[in-house]
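This report describes a two-chain model, taking confidence, overall form, interface and selected residues in turn. The sequence and the coordinates are shown below.

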Amino acid sequence: MSALIASKIQNNPKYLELVGRRDKLSWTLSAIVCIIYFGFTLMIAFAPGVLTQPIAAGSVIPLGMLLGVGVILISALLTGVYVYKANTTFDPIVLEIVQEASK
Amino acid sequence: MMTKIIAVLLTALALMASGLSQAADTATAGVSAVAPTAAVVASGVPASVAPASAVAVVASAVAATPAEPPLNWNAIIMFLIFVAVTLGITYWAATRTKTATDFYAAGRGVTGLQNGMAIAGDYMSAASFLGIAALVYFNGFYGLIFSVGWLVGWPIILFLIAERLRNLGKYTYADVVSFRLKQGPIRVMAAISSLIVVIWYLIGQAVGAGQLLHTLIPQVSYKEAIVVVGALIIIYVTFGGMKATTWVQIIKACLLLGGATLMAFGVMQHEGFSFEKLFSDAVAIHPKGLDIMKSVVPLGAKANPIESISLGLTLMFGTAGLPHILMRFFTVTDAKAARKSVLYGTCFIGFFYILTFIIGFGAIVLVANNPTYVADISKSILALKGGGSMPAVYLSHALGGDLFLGFIAAVAFATILAVVSGLTLAGASALSHDIYASVIKKGKASEKEEVWVSKMAVIGLGIVAVLLGIAFEKQNVAYIVALTFSIAACTNFPILVLSIFWRGLTTRGAVLGGYTGIIGSIGLLVIGPTVWTKVLGMGPAIFPYDFPTFVVLPTVLIVAYIASVTDKSESGQKEREAYDAQLIRAETGLGAETSASSH
């Protein structure tokens, strides 16, 4: 990558916008996963009674089992959200930036 | 030449297995027919049945130990098929492995879906298959906490690491950390932490392989099992490099997912496809009854909030710092494929963990209290013949008889081979790419020399794994997960993320932070309950927690921060300025290593 291309990209407002938007999405989704997972973990640590209560009267299935499986499913879902967003929104912007810089 | 070597090794392996098994069969027949005079009969039989005199020696040796169980033919045949196929792939890969990029990164030609399968194959170890099923079998609901913790690292890898790693690095994660920092000190630190993780992880896998294979096929001793694993790994990786490793992992992932799905389906069919029935049946059978649904710690252990949180941190961020996992992102064509591969990998792994949970409860219903599998039913209806990792294996027998048991046993063994291949390659690349080529030769080693050193490192690591695996046979290795994941979570993960996202990080901060992570996590583990009390027998632990991450990870971040912001050196200033160029490459992929096929 030449210094000229680098400076063109550096000064392209689209690039700065891309970095800002991607960072925002990355850190927001990371925060969501952490909040959900550490929420689950904090319940294990401080409120195990909530997790071990049955989901319905007469059922042996504890609420925590549904929540645990839920954390796994939400994690997979959020990776899907990121991939969709990156494929449809960020990749075209990256392509534009690279093309404009190599003109 | 390579064909010949592989052919000879394969033949030798087949001969060894068939020789052993024939001998054992003969001996077993002798034992069961005329037990009191078994030795006499057995030593007389081989002359007519067995082809070689060497076999006769083995036969009489085996006959001397009475009451050998019959040989598990199904497992052996399926295992040999797997070995034959993977050696065939290794040969194919060897003919296509010419450059260093081929060797370390499969020519960067792996697609997103392929890498997603390989990620699953690299990550789903026998410990997570047999281990989580066993945790559920003994403790119920508690096992799910591990499944969840081992999965949530994956979204973090995607959001923060995968694409940027692919864009910035070449073969190891140290490439990324040293992108704008000083090569020498960074690579030495990163290689040390990688090698500690890899070698301990290898010990855990080797011990597991030895015990598993010896339990499933008692005629193969613990040592022989480990030697077979070591020999196969050395062949796969030295000849086939990352291409062979990738395909071994892909095949293993398909087998493991297929086998686990069949088992979970069998369990659900037995329970009329009702989860309520599965769980109430398990509660009815398990000696702890409803407690298996009520405990968030191992049954019988005291609740410990800080330990639970530290465990959570370790599992989540440890996953995102394992060198053999990070290495997989250099094999894909581009950042987009890296991104997609995490989505596929996460789905496979998440699906698998849900299956292991069903399998664990299925084992309570179908394996516990069954005299075929339980060691001494009058003492405990849970304790199984062959030890604590057997619930999933016996469940396969309960569901599908000898044939399915053989299949699952072969799958478990394939699982170990795939994980060990990835680990060995990651360890070898730290030695050859980081230490030899970048530090000793200062980047002036030729590609050929580097790959040669790498292959020697593979052989060396393979031998080390075998020797340590044998040395640790009788040791308590339960702390290995805590050790490897703690170092990965406290060193590799924070230093990697800081180098990618924080302009202010300098060499001084990264190195001091990195060593704080390595020394801190090992030190606290040694004076913690698992090593201090259980392994060394020194009495109550000085540091009362099994998982030190909740102390060490924040300390590493603070040390790296303070050491960086107080770094007023000229080189430190240059490193901060170089962040702009790094960011452009990380975000756009301009200048990133390209895939071999695109030239």
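Helices (H or I, at least four residues) and strands (E, at least two) are taken as DSSP runs, numbered from the N terminus. On that basis, chain A holds four helices and zero strands, and its sequence reads as the pattern α-α-α-α. The secondary structure of chain B amounts to 25 helices and zero strands.

The model is predicted: local features need pLDDT of at least 70, side-chain atom pairs count only at pLDDT 80 or more, and totals for chains, interfaces and linings use all residues. Residues are numbered from 1 along each chain as its sequence is written, while chains are lettered from A and ligands numbered from 1 in the order in which they are written.

**Confidence**

The predictor assigns the complex an ipTM of 0.95 and a pTM of 0.87. Its confidence in each residue, from 0 to 100, is the pLDDT. For chain B the mean pLDDT is 86, and 87% of the residues reach 70 or more. Where pLDDT is low, the predicted coordinates should not be read in detail.

**The two chains**

Chain A has a radius of gyration of 22 Å, whereas a compact globule of 103 residues would have one near 13 Å. The radius is taken over C-alpha atoms, and the globule rule is 2.2 Å times the number of residues to the power 0.38. The C-alpha trace of chain A spans about 70 × 25 × 20 Å along its principal axes.

A residue is termed buried if 20 or more other C-beta atoms lie within 10 Å of its own, exposed if 12 or fewer, and partly exposed in between, with C-beta atoms placed from the backbone. Of the 103 residues in chain A, 30% are buried; of the 599 residues of chain B, 61% are buried. In chain A, 62% of the contacts with a separation of 6 or more are between residues 24 or more positions apart. In chain B, 81% of the contacts between residues at least 6 apart in sequence join residues at least 24 apart.

**Interface**

Chain B contributes 47 residues to the contact and chain A contributes 43 residues. On the side of chain B that touches chain A, helices H9 (142-151), H10 (153-168), H14 (275-285), H15 (305-319), H17 (335-366) and H25 (579-588) of chain B each supply at least two residues. H17(B) provides the largest share of that side, 10 residues.

A nonpolar core is a set of buried Ala, Val, Leu, Ile, Met, Phe, Trp, Tyr and Cys residues joined through C-beta atoms within 7 Å. The largest such core has 246 residues, and B:Val229, B:Ile359 and B:Ala363 have the most contacts inside it. Helix H18 (residues 391-440) of chain B gives the most to this core, 29 residues. Not counting residues up to four places away in sequence, B:Val229 touches B:Ala206, B:Ala209, B:Ile416, B:Leu417 and B:Val420.

In H8(B), 14 of 14 residues are buried. Just after H8(B), B:Gly140 takes a positive phi of about 70 degrees.

**Individual residues**

B:Gly121 lies in helix H7 (residues 112-123) of chain B. Leaving aside neighbours within four places in sequence, B:Gly121 is in contact with B:Gln249, B:Ile250, B:Lys252, B:Ala253 and B:Ala418. The C-alpha atoms of B:Gly121 and B:Cys254, 133 residues apart along the chain, are separated by 8.2 Å.

B:Arg108, in the loop between helix H6 (100-105) and H7 of chain B, has a positive phi near 50 degrees although not a glycine. B:Asn369, in the loop between H17 and H18 of chain B, likewise has a positive phi, about 65 degrees, and is not a glycine. The table gives the surroundings of these residues.

| Residue | Other C-beta atoms within 10 Å | Class |
|---|---|---|
| B:Gly121 | 31 C-beta atoms | buried |
| B:Asn369 | 16 C-beta atoms | partly exposed |

Note on methods
Two residues are in contact if their C-beta atoms, placed from the backbone, lie within 7 Å. pLDDT is the predictor's confidence in each residue, from 0 to 100.
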